[in-house]
Amino acid sequence: MKKSVEEYIRSIPDFPEPGIIFRDITSVLQDADGLQAAIDAMQALIDPDEVDVIAGTESRGFLFGAPIAYNLHKPFVLIRKKGKLPCATISKKYDLEYGTAEIEIHRDAVAPGQRVVIIDDLLATGGTLAACNALIEELGGVVAKNVFLIELAGLNGREKLKGYDVESVVRYEGK
């Protein structure tokens, strides 16, 4: 009998600080069946006829997004940390728990009107994906969906992504 994706996710109590349960995806990645189950489950949330481009966030969104793009025969677009892309870019700053971060995308990565699914491993507070959605829309693209392997519902990330189609494979009620 096949294991569920959730069974491959390792939960580590009190990391990085007491009271936090860290949901570790390295245990998914290092098991061939776990990796295949995760990619298949995320891909099942996407209608290939309703997407033109798959985008992934640095860096774990690349791990899941690229194979999904390959399987669906769609282009794959990188959304990276500021300063990592070599051609003309646009960028967006967003708030972190302790400070800010900035991500960027190539100006020619998405054409106006293209429907984009953005892939990431984890939905926590939603700040990263809110910034990603804004970048896609600034380029004239349409955010078709945000897809996550894991959602930490207790951090209310869906609130920051209100108005977008958001789906996750595994949902944990806590933080």
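**View 1. Serine 27 and its contacts.** Leaving aside neighbours within four places in sequence, serine 27 is in contact with Tyr8, Ile9 and Arg10. In this predicted model, serine 27 lies in helix H2, which covers residues 26–29. Serine 27 counts as buried because its relative accessible area is 13%, under the 20% limit.

**View 2. Aspartate 52 in a loop.** Aspartate 52 is found in the loop between helix H3 (32–43) and strand S3 (53–57). With neighbours within four places in sequence set aside, aspartate 52 is in contact with Lys74, Pro75, Gly113, Gln114 and Arg115. One of these residues, proline 75, is 23 residues from aspartate 52 in sequence, while their C-alpha atoms are 7.5 Å apart in space. The relative accessible area of aspartate 52 is 25%, which lies between the limits of 20% and 50%, and therefore the residue is described as partly exposed.

**View 3. Threonine 89 and glutamate 104.** Threonine 89 belongs to strand S5, and its side chain makes a polar contact of 3.1 Å with the side chain of glutamate 104. When residues up to four places away in sequence are not counted, threonine 89 touches Glu104, Ile105, His106 and Arg107.

**View 4. Helix H5 and the glycine that follows.** Helix H5, residues 127–138, has 12 residues and reaches 17 Å from its first C-alpha to its last, close to the 16 Å expected at 1.5 Å a residue. The buried residues in H5 are Gly127, Leu129, Ala131, Cys132, Asn133, Leu135 and Ile136. An α-helix has 3.6 residues a turn, so residues three or four places apart point the same way. After H5 comes glycine 140, whose phi is positive, near 95 degrees.

**View 5. The largest pocket and its lining.** The largest pocket has a volume of about 1,300 Å³. Its lining is made up of 40 residues, of which Arg60, Leu122, Ala124, Thr125 and Leu155 are the closest to the centre of the pocket. Two or more lining residues come from each of strand S2 (21–24), strand S4 (76–81), strand S5 (89–96), strand S6 (99–106), strand S7 (115–123), helix H5 and strand S8 (142–152). By residue class, the lining divides into 19 nonpolar, seven polar and 14 charged residues.

**View 6. Glutamate 173 in the segment after strand S9.** Glutamate 173 lies in the segment that comes after strand S9 (166–172). A polar contact of 3.2 Å joins its side chain to the side chain of arginine 171. Not counting residues up to four places away in sequence, glutamate 173 touches Ala153 and Gly154. The C-alpha atoms of glutamate 173 and glutamate 151 are separated by 8.2 Å, although the two residues are 22 residues apart along the chain. Glutamate 173 is classed as exposed because its relative accessible area is 57%, over the 50% limit.

Methods:
Residues are numbered from 1 along each chain as its sequence is written. This is a predicted model: local features need pLDDT of at least 70, side-chain atom pairs count only at pLDDT 80 or more; totals for chains, interfaces and linings use all residues. Side-chain values use heavy atoms; hydrogens and water are left out. Helices (H or I, at least four residues) and strands (E, at least two) are DSSP runs, numbered from the N terminus. Buried means under 20% relative accessible area, exposed over 50%, partly exposed in between (1.4 Å probe, protein chains only). Contact means heavy atoms within 4.5 Å. The expected span of a helix is 1.5 Å times one less than its number of residues. On a 1 Å grid over the protein atoms alone, a cavity is a set of points where a 1.4 Å probe fits but cannot get out, and a pocket is an open set with protein on both sides within 12 Å along at least five of seven lines; lining residues have an atom within 4 Å of a point. Grid points are joined across faces, edges and corners, and a volume is the space filled by probe spheres set on the points. Ala, Val, Leu, Ile, Met, Phe, Trp, Tyr, Cys and Pro count as nonpolar, Asp, Glu, Lys and Arg as charged, and the others, Gly among them, as polar. A polar contact is a pair of N or O atoms within 3.5 Å; within protein, one must be able to donate a hydrogen and the other to accept it, and residues adjacent in sequence count only if both atoms are side-chain atoms.
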